[in-house]
Amino acid sequence: MEYSNLFVCLMGMGTVFLGLACLVVLLRIMGRLCCRKGTTTNPPQTSVSETSLPPEKKAELLAAITAAVAENLHTDTSAIRIVSIKRV
């Protein structure tokens, strides 16, 4: 039995579409399962020791570190509490 070119083309595109739809559904299910387990209510903390800087420089350094951490975590600076700072 010989199949027409249109039939083969539509079957190929249908198979690809169905496969991609299955991938989307599976990824959404996995995303919901992973996000449910990974949520935390506590703000992230950094636990490092104290540096020896003047008080005005400490405030600037703390603001810069807080902004960098907040940008990296895609969150607001009010959700982050830095306990102490240590030069590495």
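## Starting at Thr66

Leave out residues up to four places away in sequence, and Thr66 touches Thr77, Ile80 and Ile82; a contact here means heavy atoms within 4.5 Å. Thr66 has its place in helix H2, and at 14% relative accessibility it counts as buried. On this scale, buried means under 20% relative accessible area, exposed means over 50%, and partly exposed is in between, with a 1.4 Å probe and protein chains only.

Before going on, a word about what you're looking at: this is a predicted model, where local features need pLDDT of at least 70 and side-chain atom pairs count only at pLDDT 80 or more, while totals for chains, interfaces and linings use all residues. Residues are numbered from 1 along each chain as its sequence is written, and side-chain values use heavy atoms, with hydrogens and water left out.

## The overall layout

The chain has 2 helices and 2 strands, and from the N terminus on they run α-β-α-β. Helices (H or I, at least four residues) and strands (E, at least two) are DSSP runs, numbered from the N terminus. H1 covers residues 5–38, S1 covers 45–47, H2 covers 55–73 and S2 covers 81–84.

How much of the chain is buried? Of its 88 residues, 8% count as buried. The accessible surface comes to about 7,900 Å², and 66% of that belongs to carbon and sulfur atoms; such areas come from the Shrake-Rupley method with a 1.4 Å probe, and for residues only the protein chains shown count as cover. Take the contacts between residues at least 6 apart in sequence, and 63% of them join residues at least 24 apart.

pLDDT is the predictor's confidence in each residue, from 0 to 100. The chain averages 82, and 81% of the residues score at least 70. Among the elements, H1 has the highest mean pLDDT (91) and strand S1 the lowest (54). Over residues 47–51 the pLDDT is below 50, though this stretch still has 14 contacts in the model beyond near neighbours in sequence. Where pLDDT is low, the predicted coordinates should not be read in detail.

## Around the end of H2

Back in H2, Ala70 is part of the helix and is buried, with a relative accessible area of 5%. Setting aside neighbours within four places in sequence, Ala70 is in contact with Thr75, Asp76, Thr77 and Ile80. The C-alpha atoms of Ala70 and Ile80 are separated by 7.0 Å, and the two residues are 10 apart along the chain.

The loop between H2 and S2 holds Ala79, which counts as partly exposed at 28% relative accessibility. Ala79 and Thr66 are 13 residues apart along the chain, and their C-alpha atoms are separated by 9.8 Å. His74 lies in that loop too and counts as exposed at 74% relative accessibility. What about the phi of His74? It is near 55 degrees, a positive value in a residue other than glycine. Most residues other than glycine have a negative phi.

Which residues make the nonpolar surface patch? Met1, Tyr3, Phe7, Val8 and Met11 do, with an area of about 620 Å². Like charges are joined within 9 Å, and nonpolar side chains (Val, Leu, Ile, Met, Phe, Trp, Tyr) within 5 Å. Phe7 sits in H1 and is partly exposed, with a relative accessible area of 39%.

As for cysteines, Cys9 counts as partly exposed at 40% relative accessibility, while Cys34 is exposed, with a relative accessible area of 54%. How many disulfides turn up? A search of the whole structure finds 0, a disulfide being a pair of cysteine sulfur atoms within 2.5 Å.

Definitions and conventions: Patches are made of residues with over 30% relative accessible area and no salt bridge: like charges are joined within 9 Å, nonpolar side chains (Val, Leu, Ile, Met, Phe, Trp, Tyr) within 5 Å. A salt bridge is a side-chain nitrogen of Lys or Arg within 4 Å of a carboxyl oxygen of Asp or Glu.
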